[in-house]
Amino acid sequence: MARSVSVWFVLVAIVCSVTAISAEESSESKEFVLTLDHSNFTDTVSKHKFIVVEFYAPWCGHCRNLAPEYEKAASILSKQDPPVILAKVDANEEANKGLANQYDVKGYPTLKILRNGGKDVQEYKGPREADGIVEYLKKQSGPASAELKSTEDATKLIDDKKIVVVGVFPKFSDEEFESYIALAEKLRSDYEFGHTLDAKHLPHGESSVTGPVVRLFKPFDELFVDFKDFNVEALEKFVEESSIPLVTLFNKDPNNHPFVIKFYNSPNVKAMLFANLSAEGIDSLKSKYREVAEQYKQEGIGFLLGDLEASQAAFQYFGVQESQVPLIIIQNNDGKKYLKPNLKADDIAPFVKDYKEGKVPPYVKSEPVPEENNDPVKVVVADTLEDMVFKSGKNVLLEFYAPWCGHCKKLAPILDEIAVHYEKDASVLIAKLDATVNDIVNESFDVRGYPTIYFRSSSGNITPYDGNRTKEDIINFIEQNKDKTVKQESAKDEL
């Protein structure tokens with residue numbers, strides 16, 4: 001399955017000093033983003049306690065949009081004391097691909113924050129415009145946790161729109177405080193942290209609270225929750241679990257988007273109820289859904305409530321229609337999905353119970369089966385994958401593609417030529433499947449990008465194709481891997 005991944009980088013400043021130009025020209029040509037490659041990356045990073053690196057590709061539109069904002073941010077941050085360094089690496093360059101693999105770059109642009117000479121690596125999770133980059137990196141390059149000495153300090157840090165973690169301590173020198181700071185360093189790219197000697201400075205503070213205690217403030221459910229186990233792993237688990245709402249709301253309010261991202265990034269099974277949240281009678285549906293979420297919250301299931309107006313991309317991804325709402329979808333970590341359309345409030349609990357007991361059959365997203373399939377390259381959809389590829393008795397070359405993929409568009413006429421080449425060979429089938437609108441439930445295929453090509457021989461051997469995308473190379477690959485005889489059923493099909 002295609003994954004998805006997004007990360008950021010911010011790195012500073014190099015002056016392109018050309019000795020033969022005037023001071024004015026030199027100022028205009030100055031670049032503040034440092035250019036790194038495989039030859040100077042390790043040496044440069046090792047000299048900095050804090051540096052941000054963008055891994056980019058020259059052809060990437062998002063990278064081109066980021067470039068002027070990144071340069072502007074680098075210029076501003078170069079004047080900080082100490083300066084904050086922003087850098088970039090052309091990860092598309094063959095010599096730099098080892099760096100891209102080392103830092104798990106799966107898309108562009110990917111930005112990483114490297115601390116302590118590169119020993120500690122964090123994803124950049126901030127904005128992509130200059131002012132936002134600057135503010136985010138000022139916080140990231142400063143202390144991981146801010147001391148709160150007054151109510152005013154606490155008010156500046158804590159508001160009703162974000163997660164904030166605050167440690168209350170009798171002193172800032174004991175083992176519990178050290179564990180808390182270690183936690184703050186580890187999670188600083190995801191949360192804001194503070195610490196104080198006096199709980200009275202905090203919202204909902206009580207003078208009797210002397211600590212050590214960690215209080216997590218959140219804009220949902222019970223608004224704050226305390227924790228007193230200072231094992232770093234236990235603290236991290238507490239913060240991660242407490243920062244997800246019992247029911248995550250997905251609508252057009254941007255303040256909810258960070259919690260939606262956390263929901264989809266969590267390791268839990270995901271239950272998603274999509275409905276028109278302005279419709280009559282919706283309160284009953286929401287109430288029943290919340291009751292079920294409360295019942296299963298300790299059983300590894302997360303719950304999301306999506307407004308119809310904001311969920312169009314999700315509908316397209318799952319291959320469902322507006323006419324099916326209210327609609328609940330449960331998705332396992334293995335990608336399998338379970339669906340109940342047009343449900344009522346009293347249907348929610350029985351459906352989740354049946355899912356837990358294994359009584360609900362999986363839902364497979366599929367395009368309609370083509371009424372005609374007469375082109376040289378045959379169209380496969382999820383509902384015909386088994387019959388056309390696994391039960392056809394043929395040698396099948398199958399392309400998994402995306403309609404928007406440029407490489408797929410270039411490959412299309414080549415596959416047409418190959419299919420024409422094999423028109424009179426009953427043993428070979430050239431086929432394609434649109435992986436953006438069809439689920440790939442067979443574990444034999446690992447589709448992580450487009451185009452992905454597999455060959456299945458008539459005897460069942462499955463081989464990925466990683467060679468050049470030319471007619472000659474692909475035909476040679478087919479000839480080397482196909483079975484020379486086909487099952488009798490296949491020959492009958494051609495009659």
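**Reading a predicted chain**

Mentor: Of this chain's 495 residues, 45% count as buried. The model is predicted: local features need pLDDT of at least 70, side-chain atom pairs count only at pLDDT 80 or more, and totals for chains, interfaces and linings use all residues. Residues are numbered from 1 along each chain as its sequence is written, and side-chain values use heavy atoms, leaving out hydrogens and water.

Trainee: What makes Phe 318 count as buried?

Mentor: Its relative accessibility is 3%. Buried means under 20% relative accessible area, exposed means over 50%, and partly exposed lies in between (1.4 Å probe, protein chains only). So Phe 318 is buried.

Trainee: Why does Tyr 317 count as partly exposed?

Mentor: Tyr 317 has 46% relative accessibility, so it counts as partly exposed.

Trainee: What makes Phe 274 and Phe 315 an edge-to-face pair?

Mentor: Start with the rule. Rings of Phe, Tyr and Trp (its six-membered ring) pair if their centres lie within 6.5 Å; planes under 30 degrees apart are stacked, over 60 edge-to-face, and the rest tilted. The search of the whole structure finds 25 aromatic pairs. In this one, the centres of Phe 274 and Phe 315 are 5.5 Å apart and the planes are at 80°, which is edge-to-face. Phe 274 is in strand E12 (residues 269-275) and Phe 315 in helix H11 (residues 312-318), 41 residues apart. Both are buried.

Trainee: How do you know that the span of helix H5 agrees with what it should be?

Mentor: The expected span is 1.5 Å times one less than the number of residues. H5 (residues 130-141) has 12 residues and should span 16 Å; its end C-alpha atoms are 16 Å apart, so the two agree. Helices (H or I, at least four residues) and strands (E, at least two) are DSSP runs, numbered from the N terminus. Among the buried residues of H5 are Ala 130, Ile 133 and Leu 137.

Trainee: Why is H10 called roughly parallel to H12?

Mentor: Angles under 35 degrees count as roughly parallel, over 145 as roughly antiparallel, 65 to 115 as roughly perpendicular, and the rest as oblique. The axes of H10 (residues 282-296) and H12 (residues 348-356) cross at roughly 30° and come within 9 Å. That makes H10 roughly parallel to H12. Axes are lines fitted to C-alpha atoms, for helices over the stretch in contact, and angles run from 0 to 180 degrees between N-to-C directions.
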